Amino acid sequence: MKNDFTIARLGPTRLKSHLESHCFISNDAGVLVNASVHTGQSRTYSEIMEEAGPREDLFFQPESTHAAMITCGGLCPGLNDVIRALTMVLWYRYGVTRISGFRYGYEGLVSSYGHKPVSLTPDVVEDIHTDGGTILGSSRGPQRVDDMISFLIEQKIDILFTIGGDGTQRGALALAEEIMKQKQNISVIGVPKTIDNDILFTERTFGYETAVAMSQAPITCAHMEAKGVHNGIGLVKLMGRESGFVAASATLASSDVNMVLVPEVPFSLEKVLAFLETRIKAKAHAVIVVAEGAGQNLVPTAGTDTSGNKKLGDIGPFLKETISKHFDKLNIPVNVRYIDPSYIIRSAPATADDSAFCFQLASNAVHAAMSGRTAMIVGLWNGHFVHIPMEQAVKSRKKINPNGLLWQSVLDNTGQPSII
C-alpha cells in the first residue's frame, strides 16, 4: 500500500513573494522516498515528497500576518535555536513583525491557564541560541482542540509552529484537521524535535547530534572508571524510549563500549551476564551502554505520563544491582560504576552543526507556512529538506532495524554477540 505524501493547503496562492531569492522551489519539485534500486527491479517513482524551500507565490500577506509558536515535551538541545530562526526568517525575510511565543506548550493556547505570551523580535531572540532549554517553557499533555482553536481565532493567529516530538505533532495534526473542517485560514506547521531521532520519514531530528556528541564524555568516564579498578564495569544509560539510535551512534563514535542494549533488540539477562563473565575474565573491565527503553520486560512500570506515554521502568539501576548480585554469587568482586547523563544532555545548548540544522529546518518551516501549507512537518530526507504530512510522520516511530547495517556496525564495533 502506497503512502500519501500530499501536503494540505489552505487555498490558492494569489500573492507574489517579494523575497530577493534566486532559488525559488517549484511546487512540483519532489524528492524520491525510496532512492535505492536493485538489479532487475523496475524503477518506480510513485512515492515522492515535496521539496522544501521558498515559493514564488504566497498565501499570506506578510505585513498583516500574525505568526505564533510553541515548544512542547521534554527539553532538547536546539529549541532556542529554532525559536530564534523562526523569528529571524519571519521578520527579516518576509517582513512579518507580529510574532508571538506562547508559554508552556499547548497550555499556552488555552486562556484559562493565564500564561502570558512573549512578543518575539530579533532583539529578544538575538542571543538565546547560546543557552539550552527554551525561553518559552514547555509542558506535556494534550489540551481540548476546541479551546485551542477558539484561542487562535481570538488572538487572530494566522500561522502556528509546533516545535515538539511525536506526541506534539499528533496534537498538531488533530488541531490542523479541525481547523480545516471549520474552514479557518490558520496554517499549522511542525518542526520535529526529538533527541531519540524516532520521527518517521526524517533522517535526523534536531538535538540528536548534540546528544550523541555529549554522550562521549560519560562513556569515556565510564571506561576510565572501569579500567581504574580491578574488574570494573562502567554502565551508562542514554536516551531512547522506543528507539536506540543515540545509544547505537554514541557507541560507534566512542569505540570503548563492549555491549549495547536497545529497545529494538530483546535480550536475555542470563546471556548478558554470561557475556560479562567472559569479558571480565579476559580483560578485567567492561563498558555497557543501555538505552532507557531497553529491557522493559524486566522492570516494573507505572502507568502513563500526561502525554499518554508509558512510564518506563528504570533499567539502569536494575542492571547495576543485578550485575553486582550476580558476581557476588560467583565470588568474583566487581566494581560497577553507573552514570546517567540524560538531563545534562537534554538541557545543553546545541552543537554548531545541530544549530545550523535548526536554522535550516526553521527557515523551511516558515517558507511552507507563508505559502499556505498546513498539517505538515519539515524534515530531511535523501539529503534534501522536504515537506512531510503529519499523518505520515506520526503513524509509528522510526526504529533501528536489528537486521540492518547500522546494528551490524554496532555488533562489529563492540564484539557482542548478535543474540544476547
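A charge is taken to sit over a ring if NZ of Lys or CZ of Arg is within 6 Å of the ring centre and within 35 degrees of the ring normal. In this predicted model, the charged end of Lys-398 is placed over the ring of Phe-245, at 5.4 Å from the ring centre. A further contact of this kind involves Arg-204, whose charged end lies over the ring of Phe-357, 4.1 Å from its centre.

Contacts between aromatic rings were examined next. A pair of aromatic rings is described by the distance of the centres and the angle of the planes. Five aromatic pairs are counted in the model. One of them is formed by Phe-102 and Phe-151, with 5.1 Å from centre to centre and 75° between the planes; because edge-to-face pairs are those with planes over 60 degrees apart, this pair is assigned as edge-to-face. The two residues are 49 positions apart and link distant parts of the chain: Phe-102 belongs to the loop between β7 (98-101) and β8 (118-119), whereas Phe-151 lies in helix α3 (residues 145-154). Phe-102 and Phe-151 are both buried. Ring pairs also connect Phe-5, Phe-201 and Trp-381 into a cluster.

Strand β3 runs antiparallel to β4 (residues 48-51), to which three bridges join it. Within this part of the sheet, Leu-32 is located opposite Ile-48 of β4.

Key. Residues are numbered from 1 along each chain as its sequence is written. This is a predicted model: local features need pLDDT of at least 70, side-chain atom pairs count only at pLDDT 80 or more; totals for chains, interfaces and linings use all residues. Side-chain values use heavy atoms; hydrogens and water are left out. Rings of Phe, Tyr and Trp (its six-membered ring) pair if their centres lie within 6.5 Å; planes under 30 degrees apart count as stacked, over 60 as edge-to-face and the rest as tilted. Helices (H or I, at least four residues) and strands (E, at least two) are DSSP runs, numbered from the N terminus. Buried means under 20% relative accessible area, exposed over 50%, partly exposed in between (1.4 Å probe, protein chains only). Two strands pair if DSSP finds at least two bridges between them.
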